[in-house]
Amino acid sequence: MYLLVNILGIIVFLGIAVLFSKNKKEIKWRSVITVLVVNLLIAYCLTEFSWGRAAVEAAANGFTALVQVAYQGIAFALPSWVHVKSMDFVTSALLPILLIVPVFDILTYIGVLPWVIKWVGKGLAYITGQPKFESFFAVEMMFLGNTEALAVSTLQLKQISAVRNVVIAMMSMSCVTASILGAYTQMVPGQYVLTAVPLNILNAVIITSILMPTTVTPEEDTIAKLGSSAATAEVAVGENPVNDEEAKKEPFFSFLGDSILGAGKLILIITANVIAFVALAALIDKILGAINPSLSLEHILGIIMFPFAWLMGSDVHTAFDFAQNMGTKLVTNEFVVMGKVSPHIASYAPHYRAQLTVFLTSFANLSTVGMIIGAFKGIVNREVNNAISKSVGYMILSGILVSLMSAGIVGLFVW
């Protein structure tokens, strides 16, 4: 029965996208079904086959090993923070970012990640039939993050239509930066964190192509330029060559210093957001408690999100707990919920544990909207920026539906 409910949930989530579609007649169903089948195959392979499970577990172990190396650097500077019975959230989950971000930036600097982005993007475009840039961007934001991917795609974003820019903004709600996966794997099961990454990419393609169908002519379906890193000069990995001046790179150690400083800023931003959101949630709970002792933010959010959580295929009690975590994540961010469930998630039922982890593994929350709109303001003209600002509701809806789809699909295979 629960499996049937889970299947029904995926159908309902797709139905909601169709209901709010800007142009139902232009939905390319062949492409949507193709991507959905690919997504189901990926989830099936990564959860059902021993080699698939071994692959994601090996990748998760790789991130864990990288984090352990990072602890050596932290212990050198702050031994009293590491050599303790239980490290705090900042030390265990965030400070390793000081190593992980530079590692990914170095891979970008030497051309490894741009090469991967180029060919995986080409493959995605070929398989899905989606426009080339949208496919490239889906892969790019997986490695670089939403605002970073927008920054290095500046030239392309200035050339495409306002509607396509809105689609890119919607897709940006569902990304997760590869350099921050190590932090996630310290709090929730790493194999499901890594399973969520390709599912989110493909579901972002599915949901945006239903909500905002666009027609791209062959003349428009090109890649003007794809950058390597927001911190460095853009280097072409697309189809059109650039001149020598454009291809010059920043000196390595200058680049590395900027990368490390950027990682430090990221830690401060995440820390500040988590402290502020947790404190604000506590304040709201105090106010609600003063009105009625049984009222709380989690309770209200649980009621709102309960129908969607129930459609994941869990019993009523688990669904209500899931709904509370869903709502909290959307209003605050994934780190707040991961920090809360981390001590207990190993005891959750496998189906719930997998779905909760996948749902949390994305940047889809209200604060991300501001980040995306702010990034576009520095790139596109006023007309395009206004089109994006008017589509905030669709950006939020897209982020929620992608997270629900990814969690629902992985839930089909984990019980």
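In this predicted model, phenylalanine 133 and phenylalanine 137 are both buried. Both residues belong to helix H8 (residues 132-144). They sit 4 residues apart, about one turn of the helix.

A second pair has another geometry. The rings of phenylalanine 322 and phenylalanine 359 have centres 6.1 Å apart, with planes at 85°. That angle is over 60 degrees, so this pair is edge-to-face. Phenylalanine 322 lies in helix H17 (residues 316-331), and phenylalanine 359 in helix H19 (residues 350-360). The pair therefore ties together parts that are 37 residues apart in sequence. Phenylalanine 322 and phenylalanine 359 are buried. The structure holds 12 aromatic pairs. Ring pairs also join Tyr44, Phe49, Trp51 and Phe413 in a cluster.

Helix H2 covers residues 29-48. With 20 residues at 1.5 Å a residue, helix H2 should span 28 Å. Its end C-alpha atoms are 27 Å apart, which agrees. Buried residues of H2 include Ser31, Val32, Val35, Leu36 and Asn39. Ala43, Cys45, Leu46 and Thr47 are buried too. Their cover includes helix H1 (2-19), helix H3 (50-77) and helix H7 (112-128). Helix H13 (190-211) and helix H22 (392-411) are also among the covering elements.

Helix H1 also contains tyrosine 2. This residue has 40% relative accessibility, so it counts as partly exposed.

Notes. Residues are numbered from 1 along each chain as its sequence is written. This is a predicted model: local features need pLDDT of at least 70, side-chain atom pairs count only at pLDDT 80 or more; totals for chains, interfaces and linings use all residues. Side-chain values use heavy atoms; hydrogens and water are left out. Helices (H or I, at least four residues) and strands (E, at least two) are DSSP runs, numbered from the N terminus. The expected span of a helix is 1.5 Å times one less than its number of residues. Buried means under 20% relative accessible area, exposed over 50%, partly exposed in between (1.4 Å probe, protein chains only). Contact means heavy atoms within 4.5 Å. Rings of Phe, Tyr and Trp (its six-membered ring) pair if their centres lie within 6.5 Å; planes under 30 degrees apart count as stacked, over 60 as edge-to-face and the rest as tilted.
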